[in-house]
Amino acid sequence: MESVPTDEEGRTFHLVYTEYAVLSVTDPALAGQPFLAAPNEMETFLAAQLTAARQGTETAPSLDARQETVVLLALSAGLRLSVLLGQRGAQDATAVLRYRLGRLFPAD
């Protein structure tokens, strides 16, 4: 849920983050900086969490943790951008994330 800017402070943070991300792939001086490793680290962490949840029977046994990780990260990035661009509000974006997480972790 942290990936969605829900207030002015979060909006500022995500705008700066997005600007730096663009710079890190367009400015050769920034290309070698550790910033570019952060998405891979988050993917590894989230995949491990989903794997543990699957092993603990909190999700379907057929869950592909790596694929779901990619989906969740892409979904959150897209929702973040849609909020920053004013396409949807933060509440709508978090509702979409909650919907997806609810399908991964059903209550029943």
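Is Thr57 exposed or buried? With a relative accessibility of 69%, Thr57 counts as exposed, a class that requires over 50% relative accessible area, whereas buried means under 20% and partly exposed lies in between (1.4 Å probe, protein chains only).

## Basis of the model

This is a predicted model, in which local features need pLDDT of at least 70 and side-chain atom pairs count only at pLDDT 80 or more, while totals for chains, interfaces and linings use all residues. Residues are numbered from 1 along each chain as its sequence is written, and side-chain values use heavy atoms, with hydrogens and water left out.

## Overall architecture

The protein contains five helices and zero strands, where helices (H or I, at least four residues) and strands (E, at least two) are DSSP runs numbered from the N terminus. The C-alpha atoms occupy a box of roughly 45 × 30 × 20 Å along the principal axes.

Of the 108 residues in the protein, 27% are buried. Among contacts (heavy atoms within 4.5 Å) between residues at least 6 apart in sequence, 51% join residues at least 24 apart.

Helix α5 spans residues 90–104 and has 15 residues. From first C-alpha to last it reaches 21 Å, close to the 21 Å expected at 1.5 Å a residue; the expected span is 1.5 Å times one less than the number of residues. Its buried residues are Ala90, Ala93, Thr94, Leu97 and Leu104. They lie on the same side of α5 because they cover an arc of only 95° around the axis, the arc being that of the directions from the helix axis to the C-beta atoms. Their cover includes α4 (65–84). On the other side of α5, Gln91, Arg98, Tyr99 and Arg103 are exposed.

Phe105 is placed in the segment after α5 and counts as partly exposed at 31% relative accessibility. Together with Met1 and Leu101, Phe105 makes a nonpolar surface patch of about 230 Å². Patches are made of residues with over 30% relative accessible area and no salt bridge, with like charges joined within 9 Å and nonpolar side chains (Val, Leu, Ile, Met, Phe, Trp, Tyr) within 5 Å.

Arg80 lies in helix α4 and is buried, with a relative accessible area of 15%. Leaving aside neighbours within four places in sequence, Arg80 contacts Ser3, Pro5 and His14. Ser76 is also in helix α4 and is buried at 10%. With neighbours within four places again set aside, Ser76 contacts Ser3 and Leu97.

## Salt bridges

The structure holds two salt bridges, each defined by a side-chain nitrogen of Lys or Arg within 4 Å of a carboxyl oxygen of Asp or Glu. Glu43 and Arg66 form one of them, at 3.2 Å from N to O. Glu43 lies in helix α3 and Arg66 in helix α4, so this pair ties together parts 23 residues apart in sequence. Glu43 is partly exposed at 24%, as is Arg66 at 41%.

Arg100 forms a salt bridge with Glu68, with the closest N and O atoms 2.7 Å apart. This pair links distant parts of the chain, since Arg100 is in helix α5 and Glu68 in helix α4, 32 residues apart. Glu68 is buried, with a relative accessible area of 16%.

## The loop between α3 and α4

Thr57 is located in the loop between α3 (38–55) and α4. Although Thr57 is not a glycine, its phi is positive, at about 60°. Most residues other than glycine have a negative phi.

Key
Areas by Shrake-Rupley, 256 points an atom, 1.4 Å probe, with all protein chains shown as cover.
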